[in-house]
Amino acid sequence: MSFFNSTRDSINQLIFDDENRKISLFLKREDLLHPQVSGNKFRKLKYNLSCAASEGYTQLLTYGGAYSNHIAATAKAGQIEGFKTIGIIRGEELATDIDRTLMHNETLRFAKQCGMKFHFVSRESYREKGSAIFKKSMTDKIGDFYEIPEGGTNDKAIGGCREILTENDKEFDYVCVAVGTGGTIAGLIESSNKSQQILGFPALKGDFLQNEIKKYSNRDNWSLNTDYHFGGYGKVPNELVNFINNFKMKYNIQLDPIYTGKMLFGIFDLMEQGYFSENTRILAVHTGGLQGITGVNKRLAKKGLPIIKL
């Protein structure tokens, strides 16, 4: 039986309780679902791999950057489920000295250990990855494949992310989540009560996410707070690192600097500003993504900056 088919309900852990204002904050520990295929990656891959198997595919092809959580999770899930995996990796310079690249990049090294084969492409070619010409060129090289988009977001991924919330979560007034490609928040919106507010914290700058989310849901009980992206994926300021380290010290929970760290920073800041009214129960979703911390720390250390404690 597929490891995706076993029951995977995550625990809700209380991390903050303001008795005066009666505001409580719980963290849904999706990061504990699986050591390597954790959080929203587990949810997004579940029905994609099921579909690939039912349609007779033997190999998966997907896309990502050099430190992509999605690349690492797809490689491991493919290994567990018996698929060959191919990763189209942004940055052709990484192939110049592949041994050196793998030595210094834990994400790609892990994916390779799981059996993933890489095709490194230029950033220009990567932007064309959705074209029919690009897909035909890959089919000519490797044969038929089941394609999973960058970040894993498609209709089947939304179906998996709908399963994050359970009946016990209907009691919460707010459900908060970090947003990358929009798939996870779309699943939460679709499975939420109309009385619940779904609050997303984008990891990137830009307004494109509104339209992406609307592709998968026509409900209106959601909003995005764009004040806590800290400049985008590659930006990890000292303020964020300090917050993540203090959070780990206080609650013994690891956050990553790309997604969950920004979200929790934003939630605590909004609570201090009085954004949430009295008698509010908040559920924040920990979407995993912890494997990328090592790569972030290497970049921070090179600059002589504080690093995230593991």
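**Exercise 1.** How many of the seven residues of strand 2 (residues 23–29) are buried?

*Solution.* The model is predicted: local features need pLDDT of at least 70, side-chain atom pairs count only at pLDDT 80 or more, and totals for chains, interfaces and linings use all residues. Residues are numbered from 1 along each chain as its sequence is written, and side-chain values use heavy atoms, without hydrogens and water.

Step 1. Strands are DSSP runs of E with at least two residues, and helices are runs of H or I with at least four, numbered from the N terminus. Buried means under 20% relative accessible area (1.4 Å probe, protein chains only).

Step 2. Ile23, Leu25, Leu27 and Arg29 point one way from strand 2, Ser24, Phe26 and Lys28 point the other way, and all are buried.

Step 3. Seven of the seven residues are therefore buried, so strand 2 is largely enclosed by the rest of the structure.

**Exercise 2.** Determine which strands pair with strand 2.

*Solution.* Step 1. Two strands pair if DSSP finds at least two bridges between them.

Step 1. Strand 1 runs antiparallel to strand 2 and is joined to it by six bridges; aspartate 18 has isoleucine 23 as its bridge partner.

Step 2. Strand 10 pairs with strand 2 in the parallel sense, also over six bridges, and isoleucine 282 is the bridge partner of leucine 25.

Conventions. Buried means under 20% relative accessible area, exposed over 50%, partly exposed in between (1.4 Å probe, protein chains only).
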